[in-house]
Amino acid sequence: DRNRHGLNLGEGAGVLLLESPALAASRPGREQARLAGYGSGCDAYHLTAPHPEGRGLRAALDEALSAAGIKEEQIAFVNAHGTGTPDNDRVESRTLFARFPGVPFHSTKGFTGHTLGAAGGLEAAFTVACLQRGEIPPSIGFAEPDPELPAAPAAAVTPVSGDFALSESLAFGGNNGVVIFARGGDA
């Protein structure tokens with residue numbers, strides 16, 4: 001948002017149970033999603049700010065897409081890290097605009113606050129839930145696009161279609177993690 005003032009801290013947790021293919025096959029009707037790919041990249045640029053060109057995030061995206069064996073256009077939506085801070089928003093907006101043009105994205109931190117170490121797990125659970133529902137919620141707190149950023153998050157409930165969703169986590173020290181989930185066979 002053009003008038004953003006950073007983030008609020010929050011509390012929460014999210015847990016996903018990862019099963020081997022054999023165990024999942026022995027329990028038909030229970031699969032909600034599959035972990036299709038994961039990537040990480042560290043740019044070690046600054047203690048709390050991402051590299052201005054998104055080097056670590058781009059490396060994590062490349063690795064996750066390669067591990068999943070898919071292309072950018074197969075992503076239905078992105079659950080962005082979305083802290084509402086100038087440095088993070090600039091890097092994510094530019095990276096998402098360049099890598100996923102036209103793909104909707106949102107941040108759930110407006111609902112939960114930034115749960116710090118719990119954020120990746122909580123947002124992964126939200127990503128799976130949104131993939132199952134076929135829609136993403138608005139980014140709470142987003143009302144007016146920032147004219148300096150090339151992409152803006154969803155401002156309303158947005159239908160999404162496709163079989164893959166991506167969740168980004170940008171952490172202290174330039175550590176970036178990206179997970180890609182595939183719609184479950186039972187969804």
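These legends go with close-up views of a predicted model.

Local features here need pLDDT of at least 70 and side-chain atom pairs count only at pLDDT 80 or more, while totals for chains, interfaces and linings use all residues. Residues are numbered from 1 along each chain as its sequence is written, and side-chain values use heavy atoms, with hydrogens and water left out.

**View 1. Arg 2 pairs up with Glu 144.**
Side chains of opposite charge can pair when their charged atoms come close. The name used here is salt bridge: a side-chain nitrogen of Lys or Arg within 4 Å of a carboxyl oxygen of Asp or Glu. By that rule, the count is 11 salt bridges. In this one, Arg 2 and Glu 144 meet at 3.6 Å, N to O. Arg 2 sits in the segment before helix H1 (21-26) and Glu 144 in the loop between strand S4 (135-136) and strand S5 (158-159), so the pair ties together parts that are 142 residues apart in sequence. Helices (H or I, at least four residues) and strands (E, at least two) are DSSP runs, numbered from the N terminus. Arg 2 is partly exposed at 45% relative accessibility, and Glu 144 is partly exposed too, at 33%. For these words, buried means under 20% relative accessible area, exposed means over 50%, and partly exposed is in between (1.4 Å probe, protein chains only).

**View 2. Arg 4 and Asp 89 are a buried pair.**
Their side chains form a salt bridge at 2.9 Å, N to O. Arg 4 belongs to the segment before H1 and Asp 89 to helix H3 (residues 86-99), so to speak two distant parts of the chain, 85 residues apart. Look for Asp 146 as well: salt bridges that share partners join Arg 4, Asp 89 and Asp 146 into one network.

**View 3. Arg 183 reaches Asp 163.**
This salt bridge spans 3.3 Å, N to O. Arg 183 lies in strand S7 (residues 175-183) and Asp 163 in the loop between S5 and strand S6 (164-170), so the two tie together parts 20 residues apart in sequence. Arg 183 is partly exposed at 24%, as is Asp 163 at 43%.

**View 4. A nonpolar patch lies on the surface.**
Its members are Leu 7, Leu 9, Leu 47, Leu 116 and Phe 172, with about 550 Å² of accessible area together. Leu 7 is in the segment before H1 and is partly exposed, at 38%. Patches take residues with over 30% relative accessible area and no salt bridge, joining like charges within 9 Å and nonpolar side chains (Val, Leu, Ile, Met, Phe, Trp, Tyr) within 5 Å. Accessible areas come from the Shrake-Rupley method with a 1.4 Å probe, and for residues only the protein chains shown count as cover.
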